[in-house]
Amino acid sequence: MSRQLMVAGNWKMNKNLIEAFTLASEVISKAKKLSGAVEIVLAPPTPYLHTINSMTKDLSYVKVAAQNCHFEQNGAFTGEVSAEMLNSMQLAYVIIGHSERRKFFGEHNNILSRKVSAAINEGLKVIFCCGEPLDIREANTQQGFVQKQLEESLFHLSVEQMEKVVLAYEPVWAIGTGKTATPAQAQSMHYFLRNLIRAKYTDKLADNCTILYGGSCNPSNAASLFENVDVDGGLVGGASLQSDKFIQIVNALSN
Ligand code: PEP
């Protein structure tokens, strides 16, 4: 089994140019002291992608992700960025399906399916977010909800394409709320997700698929989340905006 451990920082719409440069510089210099066992992914706002990607070129285990892309290659889509453009900047990853994109920009499973295809066809790797809102968790129907998200947005991919996908389980009720899934809730859903992949694809793909947990992950709770066998790291929002906190989370996975 060669499952890549990963901690990705989603900066969302935060930081001006100087602040973004400072945060990236701090993370890169702290990452240089680490073993490299954990892949660190930085997802800054779109205008800073090229600069920050250039800053990471000496470190094989620090990569950059866009937070979104359009499903078309180019055209009259004012304000959008295409997967082709991201690829032309030699970015490694794009995040697709974040709950804030689903909620504020109406991105439903079918649109996300087209975005996933566009990204993979351009040679990008995808960090695909799934996760249930609070009412679904309270009704205990979260497995069916998340299964539908995967079936409608990912399961059109071939085995070779699916190998380019990192999953991020992000219960919507835990994102930016300070509420975290318990380690048992995270493990249970990650195990379920891995078995969905096993049933649809192959044992090898399921065993090698990196599945991140996201939702108020911080230096205090990271270790207890990451010690679960099916939790391969984290997608971190708020705590990724300070280099110390972010690196502590990376360390929680390395140890
Ligand atoms: C996220 O936005 O993906 C996220 C997990 O945010 P936070 O860590 O702030 O909950």
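Biologist: Which side chain does Glu 107 join in a polar contact, and at what distance?

Modeller: The side chains of Glu 107 and Arg 101 are joined by a polar contact of 2.9 Å. Bear in mind that this is a predicted model. Glu 107 sits in the loop between helix 4 (99-105) and helix 5 (109-121).

Biologist: Is Glu 107 buried or exposed?

Modeller: The cut-off for buried is under 20% relative accessible area. Glu 107 has 7% relative accessibility, so it counts as buried. Asp 244, in contrast, has 48% and therefore counts as partly exposed.

Biologist: Where is Asp 244 found, and how many residues along the chain separate it from Lys 30?

Modeller: Asp 244 belongs to helix 12 (residues 243-254). Asp 244 and Lys 30 are 214 residues apart along the chain, yet their C-alpha atoms are separated by 8.6 Å.

Biologist: What span should helix 1 have?

Modeller: The expected span is 1.5 Å times one less than the number of residues. Helix 1 (residues 17-31) has 15 residues and should therefore span 21 Å; its end C-alpha atoms are 21 Å apart, which agrees.

Biologist: Which residues of helix 1 are buried?

Modeller: Start with the general idea. There are 3.6 residues to each turn of an α-helix, so residues three or four places apart point the same way. In helix 1 the buried residues are Ala 20, Leu 23, Ala 24, Val 27, Ile 28 and Ala 31. They cover an arc of only 130° around the axis, so they lie on the same side of helix 1.

Biologist: How many residues does helix 7 have, and what distance does it reach?

Modeller: Helix 7 (residues 142-153) has 12 residues and reaches 17 Å from its first C-alpha to its last, close to the expected 16 Å. Its buried residues are Gln 142, Val 146, Gln 149, Leu 150 and Ser 153. Seen down the axis, these fall within an arc of 90°, so they line one face of helix 7.

Biologist: Now the ligand. How many residues surround it, and which are the closest?

Modeller: The ligand is surrounded by 14 residues, and the closest are Lys 12, His 98, Glu 170, Gly 176 and Ser 216. By class, the shell holds four nonpolar, eight polar and two charged residues.

Biologist: Which atoms of Glu 170, Gly 176 and Gly 237 lie by oxygen atoms of the ligand?

Modeller: For Glu 170 it is a polar side-chain atom, 2.7 Å from a ligand oxygen. For Gly 176 it is a backbone N or O atom, at 2.7 Å from a ligand oxygen. Gly 237 also places a backbone N or O atom 2.8 Å from an oxygen of the ligand. The protein covers 95% of the 290 Å² of accessible area that the ligand has on its own.

Definitions and conventions. Residues are numbered from 1 along each chain as its sequence is written. This is a predicted model: local features need pLDDT of at least 70, side-chain atom pairs count only at pLDDT 80 or more; totals for chains, interfaces and linings use all residues. Side-chain values use heavy atoms; hydrogens and water are left out. A residue is near a molecule or strand if one of its heavy atoms lies within 4 Å of it. A polar contact is a pair of N or O atoms within 3.5 Å; within protein, one must be able to donate a hydrogen and the other to accept it, and residues adjacent in sequence count only if both atoms are side-chain atoms. Accessible areas come from the Shrake-Rupley method with a 1.4 Å probe; for residues, only the protein chains shown count as cover. Ala, Val, Leu, Ile, Met, Phe, Trp, Tyr, Cys and Pro count as nonpolar, Asp, Glu, Lys and Arg as charged, and the others, Gly among them, as polar. Helices (H or I, at least four residues) and strands (E, at least two) are DSSP runs, numbered from the N terminus. Buried means under 20% relative accessible area, exposed over 50%, partly exposed in between (1.4 Å probe, protein chains only). The arc is that of the directions from the helix axis to the C-beta atoms.
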